[in-house]
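Visitor: I have a new model open and would like to learn how to read its features. Could you walk me through it?

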Amino acid sequence: MVCTARDRSGARYKVQENIERFFTRFVEEGKATVRLREPAVDVCLSKANASNLKTFLSAVRLAHQGTDIGALPLSALVPAKTSEVEKPKTKMIITSRRDYPLTKNFPYSLEHLQASYCKLARIDTRVLCLKKLRKLDLSHNHIKQLPATIGDLTCLQELILHDNHLESFSGALCSSTLQESLQFLDLSQNKIKALPIQFCQLRQLINLKLDDNELIRLPFKIGQLDHLRFLSAARNKLPFLPSDFRKLCLESLDLFGNPFEQPNPLVPSVQLKIPLTLLECAARATINYRIPYGCHLLPSHLCEDLEVAKTCQCGSACLSSFIQITVTMNLHHVAHTVVLVDNMGGTEAPVICYFCSLDCYSQFLDRYLQSHG
């Protein structure tokens, strides 16, 4: 075993057949590092007597090879003083290309890593090995694509990608362990046009920043983000908001500078198929009666269609046969604080409404005409 004085109780690690590598370049200065396989940690030794350190490393090598403990060249251990113990590094901030480590690994103990203004074209694979990361800030770089392996960072709570060259956000990331951990996501100032259907699986999100992209729509099921409290999507290309937007309960909302269309409930987009197709009837029944389904029962494309089924004002589902209109919604219905939508002082925006039949649309139209009579 190797015992490290990370705190007063220390930490014990297996040595036999568990050493991946020794780093002894600065052993004459009393410094060395022992890299373990399981768990994947670096045991960093510093401020040691060079002669004693060499003896200790020799003993560790022999223990790794399975030498009996009685034959190891070990002297009596003297407990280290608290002031002599070097705490594991948990935070690293890099703000220029010249300071970015090219030949040295990041400490495995890092919980907060910022690497901004480093001209990174992709995410360093060494970063993806930092399993304790809680906050990763890669803002102000040139990153075009996100690797799916970011989803392996099981403790990641904050991901900041402000001011990069991203054109998409992978559906695979939305289906990863980020579902359980990610609370803050900053994708502002990129080139994203749409987010995947799976995006709303990131159910722990509290703060979402999408400003200064090229978004033409928000996630269809955005209402599923029931922990979301702060949303900003200013200066995009949104013509309207999805129907599910009504389900949000926000503290702050910023949609300034989007080219919202003027809603007109009297000019519907009619996509009804009369009579309804068998597929439409089956899909509506599946959702309305909450019948379990999955890729083991239905073709995957049908499952995807069911996941984005529309909801009529009457509460029933519709798939590809519906009437669509846009109506005005005061954003204070979903947010306590609302940044003005435009320079005219408005806090209203168009939101989509769906109707499963002519009958439902007619009932809505009657109410609308009476209230605007």
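Guide: Gladly! Let us begin with sheets: two strands pair if DSSP finds at least two bridges between them. This is a predicted model, and in it 3 strands form an open sheet in the order S14-S17-S19, with antiparallel pairing.

Visitor: Why is one side of strand S14 and of strand S19 left without a neighbour in the sheet?

Guide: Strand S14 (269-270) and strand S19 (348-355) stand at the edges, and each has a single partner strand, so one side of each has no neighbour in the sheet. As a general idea, strands of a sheet pair through backbone hydrogen bonds, either parallel or antiparallel.

Visitor: Over how many bridges do strand S17 and S19 pair?

Guide: Strand S17 (residues 323-330) and S19 pair over 8 bridges, in the antiparallel sense. To find the pairing on your screen, look for Asn-330, which stands opposite Glu-348 in S19.

Visitor: And what about the loops around this sheet? Is Ser-321 buried or exposed?

Guide: Buried means under 20% relative accessible area. Ser-321 has 1% relative accessibility, so it counts as buried. Its place is the loop between strand S16 (317-318) and S17. A polar atom of the Ser-321 side chain lies 2.9 Å from the backbone nitrogen of Lys-273.

Visitor: Next, peptide bonds. Which ones are cis, with omega near 0 degrees?

Guide: Among them is the bond from Ile-274 to Pro-275, which is cis with omega near 0 degrees. Pro-275 sits in the loop between S14 and helix H4 (278-288). Another cis bond runs from Glu-38 to Pro-39, again with omega near 0 degrees. Pro-39 belongs to the loop between strand S4 (32-36) and strand S5 (42-45).

Visitor: Where does a residue other than glycine have a positive phi?

Guide: One of these is His-140, with phi near 60 degrees. His-140 is in the loop between strand S8 (135-137) and strand S9 (158-160), and its relative accessible area of 23% makes it partly exposed. Asp-212 also has a positive phi, near 55 degrees. You will find Asp-212 in the loop between strand S11 (207-209) and strand S12 (230-232); at 28% relative accessibility it counts as partly exposed.

Visitor: What can you tell me about Ala-172 in helix H2?

Guide: Ala-172 lies in helix H2 (residues 171-174) and counts as partly exposed, at 43% relative accessibility. Sequence and space can be read side by side here: Ala-172 and Ala-148 are 24 residues apart in sequence and 6.1 Å apart in space, C-alpha to C-alpha.

Visitor: Let us zoom out. What does the domain assignment give for the protein chain?

Guide: The assignment gives domain 1 (2-65), domain 2 (91-237) and domain 3 (269-330 + 350-372). The C-alpha centres of domain 1 and domain 3 are 64 Å apart.

Visitor: Why does the second largest pocket lie between domain 2 and domain 3?

Guide: Domain 2 (91-237) and domain 3 (269-330 + 350-372) both give residues to the lining of the second largest pocket, so the pocket lies between them.

Technical notes
Residues numbered from 1 in each chain as written. Predicted model: local features only at pLDDT ≥ 70, side-chain atom pairs only at ≥ 80, totals over all residues. Heavy atoms only, no water. Domains from an automatic or database assignment. Helix = DSSP H or I, 4+ residues; strand = E, 2+ residues; numbered from the N terminus. Buried < 20%, exposed > 50% of the residue type's maximum accessible area, 1.4 Å probe, protein only. Polar contact = N/O pair within 3.5 Å; in protein donor to acceptor, adjacent residues only side chain to side chain.
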